[in-house]
Amino acid sequence: MTTLLEVKDLDVTYPVKGFGKKPFQALRGVSLDIRPGETVGLVGESGSGKTTLGRAVLGLAPVTGGSIEYRGRDIAHLGRRERRALSSEIQVVFQDPYSSLNPALTIEQILSEPLTARGVAGSQARTRVRELLGQVNLPADAGDRLPREFSGGQRQRIAIARALALDPQLIVCDEPVSALDLSTQARVLDLFIEIQERTGVAYLFISHDLAVVRHISHRVAVMYHGEIVESGDGDQVTGAPEHPYTQRLFMAAPVPDPVRQEQRRAERLRLLEQQREADEQALATASPGRTA
Ligand SMILES: Nc1ncnc2c1ncn2[C@@H]1O[C@H](COP(=O)(O)OP(=O)(O)OP(=O)(O)O)[C@@H](O)[C@H]1O
């Protein structure tokens with residue numbers, strides 16, 4: 001299979017303001033590839049450089065070394081116009097569905113924006129907006145409403161619809177479910193999977209949540225202090241990590257094993273039962289006339 005995105009030996013260094021302050025190197029020799037239709041999960045603790053890598057792919061971080069090839073073309077240092085042209089291919093969904101949608105625009109206006117920028121207008125754009133709302137399981141009349149009329153999960157669906165408007169090949173998803181409650185997370189994750197199965201879009205899926213990454217990724221890369229310390233098949237990396245950092249990271253967040261959970265529940269019930277019997281015995285001793 002061909003490679004869609006190939007990041008090679010990437011360095012990103014942020015200039016730091018203030019006299020005598022040294023620039024901060026946030027990524028060091030990072031290499032990673034994404035194939036068409038694939039989800040690569042990027043995991044690591046806060047500050048390890050996950051967002052920086054996503055932003056570099058989007059042309060929003062100061063790349064100081066290495067390359068980012070999209071379909072064989074280096075996109076690490078594109079000018080504004082070339083970058084805009086690439087926005088139909090590479091899109092983004094951010095963490096916060098509250099700040100990422102313009103509160104003054106209706107959903108139809110929000111979803112039409114990328115279409116209008118491409119010269120798709122009028123009835124063609126309206127048809128596409130309805131199609132997009134359907135793709136993310138929102139009713140067609142959602143187009144007339146404002147973002148504030150929707151829940152967090154619904155807003156994230158709208159953000160996903162906007163990202164899909166131009167049929168991208170790759171979406172950088174930066175913690176897209178972290179702001180949602182657990183059951184909404186599960187539904188939005190399933191939506192990501194369903195969309196991928198239907199459209200063949202690839203995801204660079206950034207999350208600090210191992211359960212989320214495990215659920216959605218075909219392959220997983222683990223970041224630590226600006227470097228990728230381990231990468232490979234999702235089950236392999238999450239199930240039998242090799243690098244000591246990954247082992248520690250995964251030990252801190254144990255896999256919810258249904259058999260183990262059932263054993264723990266049975267153990268809790270047994271202890272409660274023991275406690276109840278002990279209480280009743282104590283009560284019976286204190287008041288000998290009482291029958292259990
Ligand atoms: N614009 C910036 N200028 C200077 N340093 C930055 C800038 N953006 C990020 N950093 C630093 O780069 C490092 C990596 O940050 P980044 O946000 O990529 O990590 P992360 O793994 O996504 O963490 P989190 O999950 O907390 O967002 C951090 O030490 C951060 O403080």
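**View 1. Val92 and its bridge partner in strand S7.** In this predicted model, Val92 has Val172 of S7 as its bridge partner. S6 and S7 (residues 170-174) run parallel to each other, joined over four bridges; two strands count as paired if DSSP finds at least two bridges between them. Strands here are DSSP E runs of at least two residues and helices are H or I runs of at least four, numbered from the N terminus. Local features need pLDDT of at least 70 and side-chain atom pairs pLDDT 80 or more, while totals for chains, interfaces and linings use all residues. Residue numbers start from 1 along each chain as its sequence is written.

**View 2. The open sheet.** Six strands line up as S6-S7-S8-S3-S9-S10, with mixed pairing. From one strand to the next, the twist averages 15°.

View 3. H5 (residues 152-164) touches S6 and S7, and its direction makes about 175° with that of S6. Axes are lines fitted to C-alpha atoms, for helices over the stretch in contact, and angles run from 0 to 180 degrees between N-to-C directions.

**View 4. Around the ligand.** Tyr14, Ala26, Ser46, Thr51 and Thr52 come nearest of the 13 residues here; a residue is near if its C-beta atom, placed from the backbone, lies within 6 Å. H1 gives the most to this shell, with three residues.

Methods: Two residues are in contact if their C-beta atoms, placed from the backbone, lie within 7 Å.
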